[in-house]
Amino acid sequence: MQPAAPSPNETTFDEVPVEGASVDARVPSRLAQASREALSEGGELAKNIPSFSSRPAQLDLAAAVADAMDRRGTLLAEAGTGTGKTFAYLVPALLSGKKTIVSTGTRALQDQLYHRDLPRVRDALGIGLKTALLKGRANYLCHYRMRQAQGEPRFTSRDMAAQFQRIVAWSGRTRMGDMAELDALPEDSPLLPMVTSTAENCLGSECPFFNDCFVVQARQRAQAADLVVVNHHLLLADLALKQEGFGEILPGAQAFVVDEAHQLPELAAQFFGEALSARPLVELARDVL
């Protein structure tokens with residue numbers, strides 16, 4: 001007899017215990033208990049976040065995440081809308097004290113998690129752990145490429161030239177060099193390949209701007225942080241590099257949280273499959289010129 005399928009509002013869990021684990025899976029870990037207390041009525045989040053309200057499914061999910069972290073196990077969880085899964089995994093991740101990497105499905109969710117949700121939870125818990133945001137190199141301004149573009153203008157319109165001048169002005173005041181800080185710049189802007197680098201055209205330590213490189217600085221912050229927020233593209237790129245023996249992008253971690261994990265199969269096919277399209281050929285030809 002097949003078990004009944006869960007309703008859209010139910011939270012389902014499937015925990016795979018570590019082989020040979022000596023801890024009784026029926027006994028909640030201390031981290032699970034602490035996570036429940038923090039998320040319960042009268043807990044730290046309810047005290048310090050005005051709009052917060054405790055939810056039973058959220059408590060169960062947080063406890064399951066905490067148990068998996070505490071026992072170095074694997075947890076696959078599906079949570080219905082309104083469960084509050086972001087807080088449910090952030091609380092045990094922060095309370096665990098373990099080096100944790102959290103991966104989101106998109107850069108937009110990555111920014112939202114890092115700039116909005118994570119600070120709220122961290123401040124509510126009163127935990128002073130270091131956090132970092134890390135994206136792929138194409139998301140950061142490259143000083144060298146920008147200087148090249150200044151010397152060889154290839155602007156097709158006045159508007160494009162004006163946008164480039166805004167990038168130049170912004171480059172003198174940004175601390176992170178994250179292109180997402182430029183709200184008026186579209187994600188498909190033709191200016192982006194002109195002012196950012198790729199693994200193929202990056203000069204590495206030979207770059208005259210290496211000491212001011214935003215990519216290097218972002219990776220240094222990630223190395224020193226207790227919790228790093230990345231996206232699935234970067235997570236899979238790091239895995240691909242490690243498998244090929246060419247190094248790594250992400251720092252080592254004791255725990256990984258993959259949010260929106262249902263997007264992984266399609267993205268994994270892009271990283272571990274073979275494909276050829278016109279766009280990379282056009283970019284290669286532009287770099288050659």
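**View 1. Thr100 of strand β3 and its bridge partner in strand β5.** In β5, Leu227 is the bridge partner of Thr100; the coordinates shown here and in the other views belong to a predicted model. Strand β5, which spans residues 227–231, runs parallel to β3 and is joined to it by five bridges.

**View 2. Val102 of strand β3 and its bridge partner in strand β6.** The bridge partner of Val102 in β6 is Val257. Four bridges join β3 to β6, a strand covering residues 255–258, and these two strands also run parallel.

**View 3. Burial of the two faces of strand β3.** In a regular strand the side chains alternate between the two faces of the sheet. In β3, Thr100, Val102 and Thr104 lie on one side while Ile101 and Ser103 lie on the other, and both faces are covered, with each of these residues buried. The strand, residues 100–104, is accordingly described as mostly covered, five of its five residues being buried.

**View 4. Cysteines without a disulfide.** The structure holds zero disulfides. Cys142 is in none, and the nearest cysteine sulfur, which belongs to Cys207, is 5.7 Å away, whereas a disulfide would require the two sulfur atoms to be within 2.5 Å. Cys142 counts as buried because its relative accessibility is 15%, the cut-off for burial being under 20%. For Cys213, the closest cysteine sulfur is that of Cys202, and because the distance between the two sulfur atoms is 6.2 Å, they are too far apart for a bond. Cys213 has a relative accessible area of 21% and is therefore partly exposed.

How values were computed: Residues numbered from 1 in each chain as written. Predicted model: local features only at pLDDT ≥ 70, side-chain atom pairs only at ≥ 80, totals over all residues. Heavy atoms only, no water. Buried < 20%, exposed > 50% of the residue type's maximum accessible area, 1.4 Å probe, protein only. Pairing = 2+ DSSP bridges.
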